Amino acid sequence: MTKKTVDPLERVEKELKKCVKCGACRANCPAFTAFQREPAVARGKVALAQHIMKGDITLDDGTYAAMSKCLLCGSCVEKCPNQVPTDEIVIAAREALAKRRGLTTFHKAVGQVIKTRKLMNLGAFAASILGPVFFRKIPATSGLRLRFPVPFIGNSRHIPQIAKKSFIASHPEVIQGEPGKPRIVFFVGCMTNFVYTGIGEATIKLFQHLGCTIIIPKDQQCCGLPGMSGGDLDTVRELAEQNLAALEAHQADYVMTACATCGGALHKLYPLVIGKRNPELKERLKALADKTVDASVLLKKLGLNPEETGSSAELNITYHDPCHLRTAGITKEPRALLKGTPGLNLVEMEGADRCCGLGGTFNVYHYDSSLKINAGKTAAIQATGADAVVTGCPGCIMQLSDGLKQAGDKTRVVHTVELLAGQIKR
Amino acid sequence: MLEARILDKLTEIVGKENIATEVQDMICYGYDATQMEFLPDAVVHPANSAEVSQVLALANREKFPVFPRGAGSGFTGGALPKGGGIVLVTTRMNRILRIDTDNLVAEVEPGVVTEAFQMEVEKLGLFYPPDPASLKFSTLGGNVAECAGGPRAVKYGVTKDFVMGLEVVLPTGEVIRTGGETVKGVVGYDLTKLICGSEGTLGVITKIIFKLLPYPDSKKTMLTVFDSIDGAARAVSTIIKGKIIPTTLEFMDHATLTCVERRFNLGLPAEGRAVLLIEVDGDRDLIEKQAEQIHALIKPLGLVQFRVAKDAAESEELWRVRRLVSPSLRDVNPDKFNEDIVVPRSRVPDVIRRIEQIQQRYEIPIVNFGHAGDGNIHVNIMIDKTVPGQLEKAHEAIKEVFQAALDLGGTMSGEHGVGLAKQAFIPMELTADQIGAMRAIKRALDPNNILNPGKMLPVE
């Protein structure tokens, strides 16, 4: 094995030694719950990474299969007595695998799509450009006929409708607010831009209500997370630089996301994947990370009064913690806002903090297991008797909707901001 | 390496979904919490006792080793396939078969996770007290095989005290029942007790009948801080002598507290040298009285803080101190040897003094905490394996710690077992005749030495 192949894992060499194989991760790992085999659990992947480093196993199909069985949900990290960052280890291992074996046809396609310059600004053309990859217009024999989680194509999956016009294309780049009020750069994300545009609309309404100036940079790109989950970190690095330039260009007080996953990319992934060899870029990305804030946290901080803005319809709701908010410690803010909204009655579900099972590529390669994990979530939601399940990530929204619909359940799935902006008319 | 025809037969028994031979799978079933590693030749996941029986009969006929494994969270290497062979994982057998509220018994398969079982019985107002630290992920089968303990052993005893009967597959393939579900029963040898703690060397447990208790009405948690380690150690025996049996009596020494405090800043008093975390449970009025009695008993022993949790949330806050111990220890040194000696409760102060002397003599940090209420102390010898000579020093220190426990009328392991980790030390505790008797049992049940060979008893 050449030195170069192992490179990404060297990033986490020190962390690998921290794992004592106690097995605590078995209690918390959703992938292990689904597969019930050790290669699916954190300590198994750490053991494999250790052996890759030693050079006594190769980056072959078996290693690839094991490393693919991870949702990167971070629950093992939170519960680990030694705080072993298995998520970072898996990301590094996937990068090593991709470098060694080359990207899969699927991930090459993903990379090409998410790197398309001006992708986010394609407007009405989006669907037709994305079509060949995302939709079933491809012959069954083509390697491009792939199931992709954003927006997902599955055999039995309920596919969300794609918007006629993308969110970014539907809005001016700057929506001027009141003088003296915060200037906010809105990092939209693909799901909100192309599928759940309502989340974007609600977000704008709320921050306009607070008098903020909202900037929606036209040249922002995909956050890159779909690339990351396949080990295509070079694409992530490329997108990190492009997004950095796009977001830095506007003098703003905050960079705000309403997508937990995009927030996770800006906040944690970018600084992580840019090596020490590029200190200047790393510093700038760190500064960007410090400025990045989730919509719910910022709304709370800027003193949104949900009594003025929020839905007043009587509704029993339950809240699902997206992994990328939970691992960033954001669990209280959305709940506080929802509890303060007239008419809403929050009933906690069992295991609100457990992953929905989407996990980027996981959902593509392990759809059955993803469904299994999701089924647990569906049951927990149903047990609350809630009329709607609320969450802060469009990815989770898609996954939860799919689970509920497949169970023949009509419970609505909505984003926190959609309920908070329920009363605002434009 | 196993011959292809044997692998074919194993595949026939468990199905191709439930056998693995790829190197990645071997790595993932080659470790446990000891940080030792031995790779098996194959891993099988049988679904029931019939499949286990067929696997063992085949192994006995073809003479290849079988290593039973639950969650693989053991501290002594009991589930490790040293020398190669197959690992037999019990986690597919994970059903709770019945919870009998008329007779307060439950029957389970071995792969059920301890905490999952506790939660189910608690829904019915019942109680399964054994609480090893690994209860969120360890399996009941593993708990029985290792006779797991835990903090609540002070009042309620250990796993074997709750096992009424078993279904066991013998190394030669026969499936037998031991014990039963009656409170009394004296027909034949007590094979149930023999299997409990036998570390998977005498049979594979495929069903367990547990005794259950009514769930206690309420509990009270107290965090007590002492100005000397001796004061805390004496408090343990004073409480027991005062005829109060708390549910738990957890001890943490100064080194432990320093680690926890440094990392988590819990605001423990600076003059504190040792902590006892005490919990009592039972009838509400009774435990109020017991808490007062405990306070009165330990006050003269250099008590500098006595905190009583007002509610469940505060109780959880106090327990946090104890739970944070394990993650904090590695700040002392990267590698630890976690031993679990036991002495009669009245000798806890003596053994703590002896360990302090050993620590000074060897100049390596030893951190002590654990279930002092039943005399079980977790002695953590903290070293850095990369520093030359430390490993050897640790080995010598461990030997002396064991000797101290034995001199004081104790044992070298209360709940972790022997496995591979303590095998070499066994002759310190057991006589040649005792070992001979144990070997005779092993030979009688496992004539070809195929089940978890090379474990527990010293290598001949």
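Predicted model: local features only at pLDDT ≥ 70, side-chain atom pairs only at ≥ 80, totals over all residues.
Student: Why are α8(B) and α13(B) called roughly antiparallel to each other?

Tutor: The axes of helix α8 (residues 229–241) and helix α13 (residues 348–362) of chain B cross at roughly 150 degrees and come within 8 Å. The cut-off is over 145 degrees, and α8(B) and α13(B) are therefore roughly antiparallel to each other.

Student: What makes the contact between α8(B) and α13(B), residue by residue?

Tutor: On α8(B) the residues are B:Ile229, B:Asp230, B:Ala233, B:Arg234, B:Val236 and B:Ser237, and they meet B:Val348, B:Pro349 and B:Ile352 of α13(B). Sorted by class, this contact of α8(B) with α13(B) has six nonpolar, one polar and two charged residues.

Student: Why are α14(A) and α15(A) also described as roughly antiparallel to each other?

Tutor: Helix α14 (residues 260–273) and helix α15 (residues 279–291) of chain A have axes that cross at roughly 165 degrees and come within 8 Å. With the limit set at over 145 degrees, α14(A) and α15(A) are therefore roughly antiparallel to each other. The crossing in which α14(A) passes α15(A) is left-handed.

Student: Which residues of α14(A) and α15(A) meet?

Tutor: A:Leu266, A:His267, A:Tyr270 and A:Pro271 in α14(A) meet A:Lys282, A:Leu285, A:Lys286, A:Leu288 and A:Ala289 in α15(A). The residues of this contact of α14(A) with α15(A) comprise six nonpolar, one polar and two charged.

Student: How do the axes of helix α5 and helix α7 of chain A cross?

Tutor: The axes of helix α5 (residues 61–68) and helix α7 (residues 86–101) of chain A come within 10 Å and cross at roughly 145 degrees, and α5(A) passes α7(A) in a left-handed crossing. From α5(A), the residues A:Thr63, A:Tyr64 and A:Met67 meet A:Val90, A:Ala93, A:Arg94, A:Leu97 and A:Arg101 of α7(A). Five nonpolar, one polar and two charged residues make up this contact of α5(A) with α7(A).

Student: How do you know that domain 1 of chain A is in contact with domain 2 of chain A?

Tutor: Residues are in contact if their C-beta atoms, placed from the backbone, lie within 7 Å, and by that criterion 13 residues of domain 1 of chain A are in contact with 13 residues of domain 2 of chain A. The elements giving two or more residues to the side of domain 1 of chain A that touches domain 2 of chain A are α3 (30–35) and α6 (75–79) of chain A, and α3(A) gives the most to that side, with four residues. That side of domain 1 divides into seven nonpolar, four polar and two charged residues. The bounds of these domains of chain A are 3–101 for domain 1 and 306–420 for domain 2, and their C-alpha centres lie 28 Å apart.

Student: What makes up the side of chain A that touches chain B?

Tutor: Here 20 residues of chain A are in contact with 21 residues of chain B. At least two residues of the side of chain A that touches chain B come from each of α4 (42–54) and α5 of chain A, while α4(A) gives the most, with four residues. By class, that side of chain A has ten nonpolar, seven polar and three charged residues.

Notes. Residues numbered from 1 in each chain as written. Chains lettered and ligands numbered in written order. Domains from an automatic or database assignment. Contact = placed C-beta atoms within 7 Å. Nonpolar A, V, L, I, M, F, W, Y, C, P; charged D, E, K, R; others polar. Axes fitted to C-alpha atoms, helices over the stretch in contact; angles between N-to-C directions. Left-handed = near helix turned anticlockwise from the far one by under 90°. Parallel < 35°, antiparallel > 145°, perpendicular 65-115°, else oblique.
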